[in-house]
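Please examine the sequence and the structure before reading on.

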Amino acid sequence: MAYAQPPKKTGLPREVLKWLQSLDLSFSTKNVRRDFSNGYVVAEIFSLYYPEDFLMHSFNNGTSLPTKLSNWTRTERFLQKHSINLLKDVIDGTIHCKPGAAELILQEIYMALTNRRIKGPPNVELDFTDRSYQEQLPMVARSTASKAIKNNLRLTEVIAQPNITTNRKKVEAIIHMHLEQRATERLQDPKRFEVKPTLGEQAARMLQCSRQPEEHSESVGSRSTSKSCPSSIRSGSSVYFKEIEVRQNDRRSLVLN
């Protein structure tokens, strides 16, 4: 069985790639997600446009979490000073190598520095999970609940923010996403999961009873019958109901006896 492979392309628009290659950086960017996580390349890009504010000897091209946080903290101070808006969630996703975060932040930097707009549909929803990759895989190769937590919750996230409540909410969100995917799979292929209709679905009834007024006779000893539904009612599952008439004796006749 041939499984779908993750896309090898960077996901960047053509004009952004041309602009990035024309900057003549100190080293070429081969993996956008990995090379932009420590913030060194981002600082070097800004140093070409703002050489007085970015001194490259203050930035370290390392891979440790303290190095990443230190580089991005200096960059965020510059962004606040010059009113350049980059979402905090996108920056955190880039630090922790989330799928699509580095590509998105590079596009935002391109538009902020060149005052140009990128052609194509805008990214409305921020989704830095592996949902799109899991949907490309066959059902037998998709992640389990524990594997989904491992793929979408990085160790650096837990180290950077060791709050138990916050991490618990992240885990619950990942599990909820995983359960939604499983529910969709059961709807798409019910035979594989042996999904059987429930008793309520098998015996679904749509009763439409038409009530009729009771008819009373003038004489005291007459019997009264009331009909609430037709004699036979057919439901959606071919179930028939038969009316049972109950005759009640007169109380005066019981007393005389």
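Against which helices do the buried residues of α1 pack? They pack against α3 (40–49) and α6 (101–114), where contact means heavy atoms within 4.5 Å.

## Basis of the report

The model is predicted: local features need pLDDT of at least 70, side-chain atom pairs count only at pLDDT 80 or more, and totals for chains, interfaces and linings use all residues. Residues are numbered from 1 along each chain as its sequence is written, and side-chain values use heavy atoms, with hydrogens and water left out.

## Helix α1

Helix α1 spans residues 14–21, and Val-16, Trp-19 and Leu-20 are buried in it. Seen down the axis of α1, the buried residues fall within an arc of 100°, so they line one face of the helix. The arc is that of the directions from the helix axis to the C-beta atoms. Arg-14, Lys-18 and Gln-21, on the other side of α1, are exposed.

Buried means under 20% relative accessible area, exposed over 50%, and partly exposed in between (1.4 Å probe, protein chains only). Helices (H or I, at least four residues) are DSSP runs, numbered from the N terminus.

## Asn-71

Asn-71 lies in helix α4 (residues 65–81) and is buried, with a relative accessible area of 1%. Leaving aside residues up to four places away in sequence, Asn-71 touches Asn-38, Gly-39, Tyr-40, Phe-59 and Asn-60.

Notes. Helices (H or I, at least four residues) and strands (E, at least two) are DSSP runs, numbered from the N terminus.
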